[in-house]
Amino acid sequence: MSAPPSSTPSGFGARLPAWLRPRDVELPGLGTMRLVETTVLVLVGLLLAIATINDVVLQTHVNHRLVADLRTWRQYTGHDYKNLSVEQDLRGHTTRDVICGNTSPGPPKERTQLCLAMTGPVVAGRREARSGWYLPPKSEDLHGKRYGCFGVAKDEGLCSP
Amino acid sequence: MSVAAQSVASAPRVRSGRWAPALAGALALLLVAAAAEIVLDGAAGHSALIPKSPAIAGWLSGVGERLGYRVFLIALLVSVGAYTGLLALARRRELSLISKRSAIALVGALHLIVFVGPILLSTDVFSYIAYARMGVEHGLNPYLHGPSSILGDPVYSYVGKDWKHVATAYGPFYTLLSYPLAPLGLTGALWGMKLEALLASVGTLALTWRCARARELDPVWAILAVGANPLYVIYGLGGAHNDLIMLVAMMGAVSLTLVTPGSHGREAGAASLIVAGALVKATVAALLPFMIVSRRRLAPILGALAMLALGAVIGYAAFGIHGIDVVSALNRDAAFVSTDSFAAEIAHLFGKPGVFPIDHDLLKAGLVLIVLHLLWRTWRGYDWIAAAGWSLLAISVTSTWLLAWYILWPLPLAVVCRDRRLLIATLAVQGLFVAHQITPLLVPVS
């Protein structure tokens, strides 16, 4: 059984059979449907909330790591520079980060840059810098621009020949 | 109930009635102060949160300090808290806490503060200007080329790096609307874009007011819910996003169906307005099937077809076949993934590094199921405005490319629809988006 439409349509609407006519009020009998919808909404909301919190926690760990990376670079070079560039391994999804900064005072990337590749866990607020390379001024960290590789980077051929 | 019992029950209300106006005033001041802090600090420049831009807010630059993540996030969280509190207070109509005049003054102040400041949090407006300048100043089709084709143009260096090679994904009506701004120069065009966004926002709020009154809802509460929303003000208006132009078309259509229900002419006009909005930004087309299923008349179908034909002719004449090929632009953009998307967050939750092609397919299938369910409910008489709002919310939640201004789409519909769950869900999703931003506050990287 279907409830009659609440409005009284004219023209095209009036020529439609009752069950096809537009309604201003929803047909009765959907109490359970509303309950099911609300339950699904709450569950989806919970999933989104958990995923959001999980992501914030993950990002917090990444930030802890980056703070350690920056501290390591500054300690290694003895320069307390603010504008260091950080590159994460977004493609390989490893925790290897590359931090680059000027070797002498100047605007970002305007001097010869020293890049250090950080790996391993954070220990006492720092990470291990087992390899690195240099970049000429005004250069991005591209394979063809690197020179003076040292540590593992030299063995892996990360510098241009 | 006895007189004594009545007086006991009304005592807390009387007490809350005393402090509530002061609290509402304080919350409104907090909203204004937080917006002013972001704008004034943003005007100082040199911030990762403020896109590189011509100095349009230079006269404000001496007041604030460089906007850092910490200050920005604190201001955003304060705004969210004040907004939530204000909505809760304004909901208590018996207190008549917030007059029409105060609500308009608050929303107006927020709009003015953001309008006079720098572009906030997004480089999109420079893409809009680049596409306009490509067409007007360089004779290039923005549907075929990205801004990289105008390397020598002053706007090029301000376009976001992800968009330098990407042709426009916006509709031909929006592109043509932006064309008159191109000859004004970069700064002139930027102010033009900001003015367009401001006027669109004012129009959206006026229409939201009208719709709320037509539905016998509190219009003051409705414009506060939309116009004082922190994401709407800071991200939407602050970035001068063209989503606001889409929203004004959307609310214009809703208003036409609500104010004189049953009028064939108005229903045709409403449907044509939705299509016009979709020729600005395609997303609003999601409203059309719900309106048609709800009205079950020829008028909206004919109105939509007429505007579609007009749009196709104009788009084709101005930009060729690429100007009306909305589907390929949407498919291209649907493949993008942003770190703020819920899809990416859920992938991380299940230990995956990111979203894979199969996930895109699953999300699309989920969206189709949701829309079909909503169409079925609408057929049975469920409020089509609520159904359209749910579909817009579902589009933003299932999108792998989620940006703050996308979760504004359902908001004006949520405040005028008959299903309060939509507003709760929309604000909850916005809350989760804000929560996802807070990492730099917990562990600052410097």
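So, salt bridges first: across the interface of chain B and chain A, the rule finds 3 of them. Keep in mind that this is a predicted model. One salt bridge I can show you pairs R421(B) with E37(A), and there the closest N and O atoms sit 3.0 Å apart. For polar contacts between chain B and chain A, the count is 9 residue pairs, both partners at pLDDT 80 or more.

Okay, which helices of chain B supply the side that touches chain A? At least two residues each come from α11 (287-295), α14 (342-349), α15 (357-379), α16 (384-398), α18 (420-435) and α19 (439-442). The most comes from α14(B), with 5 residues.

Now the whole contact. Chain B puts in 36 residues and chain A puts in 39 residues. The two chains bury about 3300 Å² between them, with carbon and sulfur atoms giving 61% of that. And our R421(B) shows up again here: together with R296(B) and R380(B), it supplies 20% of the area chain B buries against chain A, more than any other three residues.

The largest nonpolar core has 141 residues, and F72(B), I98(B), L224(B), Y235(B), L287(B) and L413(B) have the most contacts inside it. Helix α6 of chain B, residues 185-214, gives this core its largest share, 12 residues.

Key:
Residues numbered from 1 in each chain as written. Chains lettered and ligands numbered in written order. Predicted model: local features only at pLDDT ≥ 70, side-chain atom pairs only at ≥ 80, totals over all residues. Heavy atoms only, no water. Contact = heavy atoms within 4.5 Å. Buried area = accessible area lost by both parts, 1.4 Å probe. Salt bridge = Lys/Arg side-chain N within 4 Å of Asp/Glu carboxyl O. Polar contact = N/O pair within 3.5 Å; in protein donor to acceptor, adjacent residues only side chain to side chain. Helix = DSSP H or I, 4+ residues; strand = E, 2+ residues; numbered from the N terminus. Core = buried A, V, L, I, M, F, W, Y, C linked by side-chain atoms within 4.5 Å. Buried < 20%, exposed > 50% of the residue type's maximum accessible area, 1.4 Å probe, protein only.
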